[in-house]
Amino acid sequence: MQALIERIGRSVGGVVGTLFQAGRDAVDLCLKTIIPFMAFVTFVIGLILETGVGDLIANGIKGFASSLGGLMIVCVICAIPILSPLLGPGAVIAQIVGVLIGTEIGRGNIDVSMALPALFAINPQVGCDFVPVGLALGEAEPETVEVGVPAVLTSRMITGPISVVVGYLFALGL
Amino acid sequence: MDALVAGAEAFIQVFRTAADVFVGFTTGIIPIVVVFLTAVNALVKFIGEERVENFAKWASQEGWMYVPVRYTLLAFVAVFMLTNPVCYTFGTFLPEKNKPAFYDAAVSFVHPITGIFPHANGGELFVWLGIAAGVEMVAPDMVTALAVRYLLAGLVVILIRGIVTDIIFSIMWKSRQGGAA
């Protein structure tokens, strides 16, 4: 009887402890990463909406972001193997451009149907800064890393534009 | 004097608008992300590392019929369960020649997954949220549909990336061996 009580007590304690730790991790991530980035992003949005900057950016982006061809040009540029590792870190560039394009969609300057292809067009450089580390995390041999880095970067030149087309196709009928 | 007041007014208006957007994000995004993160963090711990690793071993086998498993299912599970950047450790289970392609597939999925499962990459939510916030303004009922399509399109894209990177890697690998010999 005592053993049973002990076991129940233990397992309930374990479940509650796990849930509590999960909540702590969640709030931690929110406070340390999500909210700070949100503050920064909302400031950028405020600037775009209230100053003339928005119209300047709108004119610049509009030509590229309102057509499939334009998005593919953006994508190819971001995927150039010399640029892509520079654009990659923390996805900061992709997030800022995402906010810019999102704001223009919100103001009606860019059609909603372009949202999905745009998500891929602004992001062919994802992880290009991180290839050696990512491969090392997968315990790859040094030779694999040596060939793997240019292989991934080169591959993005091909798969970047393809991803925009896939996004465009998936957005049909939305 | 009037010009000064007007200037000050315009200046402060930037921050008022930013603050409004901030409040919108805080009430609209933060609660659901916190609750969701908690639930998934707990789920991942309950399922346990061992079971996830066993699955990874199964999915990492050689052979062409495992290509879709490797570059979609395995990448999905890795990103979902281990999140960015621990997910790349799943490369450990793969044959050496497939590691770059798996990395390419997994890393390309860390943003498409955030539309529905924000816990997987909480630090880089605004690739998706930036654009979603704009869509929310003009067509609020479309946001969820867009998130689902982003996820599905992401799966197709990572499969293509996995296959293409595999091919390019093997070509580069061979030419390197040839050059060395």
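Which side chains meet in a salt bridge at 2.5 Å, N to O? They are B:Asp104 and A:Arg156. A salt bridge here is a side-chain nitrogen of Lys or Arg within 4 Å of a carboxyl oxygen of Asp or Glu. Across the interface of chain A and chain B, the rule finds three.

Some ground rules. This is a predicted model, where local features need pLDDT of at least 70 and side-chain atom pairs pLDDT 80 or more, while totals for chains, interfaces and linings use all residues. Residues are numbered from 1 along each chain as its sequence is written, chains are lettered from A and ligands numbered from 1 in the order written, and side-chain values use heavy atoms, without hydrogens or water.

Now the interface. Chain A puts in 78 residues and chain B 65, with contact meaning heavy atoms within 4.5 Å. About 6,200 Å² is buried between the two chains. That is accessible area (1.4 Å probe) lost on being put together, summed over both parts. Carbon and sulfur atoms give 79% of the buried area. In chain A, the most area is lost by A:Met38, A:Leu119 and A:Leu174, together 10% of what that side buries.

Next, a helix pair in chain A. Helix α3 covers residues 68–79, and helix α8 residues 142–171. Helices are DSSP runs (H or I, at least four residues), numbered from the N terminus. The two pack at about 155°, axes 9 Å apart. So α3(A) and α8(A) are roughly antiparallel, the term for angles over 145 degrees. Among the contact residues are A:Leu71 and A:Cys75 of α3(A), and A:Arg156 and A:Gly160 of α8(A).

Key:
Axes are lines fitted to C-alpha atoms, for helices over the stretch in contact, and angles run from 0 to 180 degrees between N-to-C directions. Angles under 35 degrees count as roughly parallel, over 145 as roughly antiparallel, 65 to 115 as roughly perpendicular and the rest as oblique.
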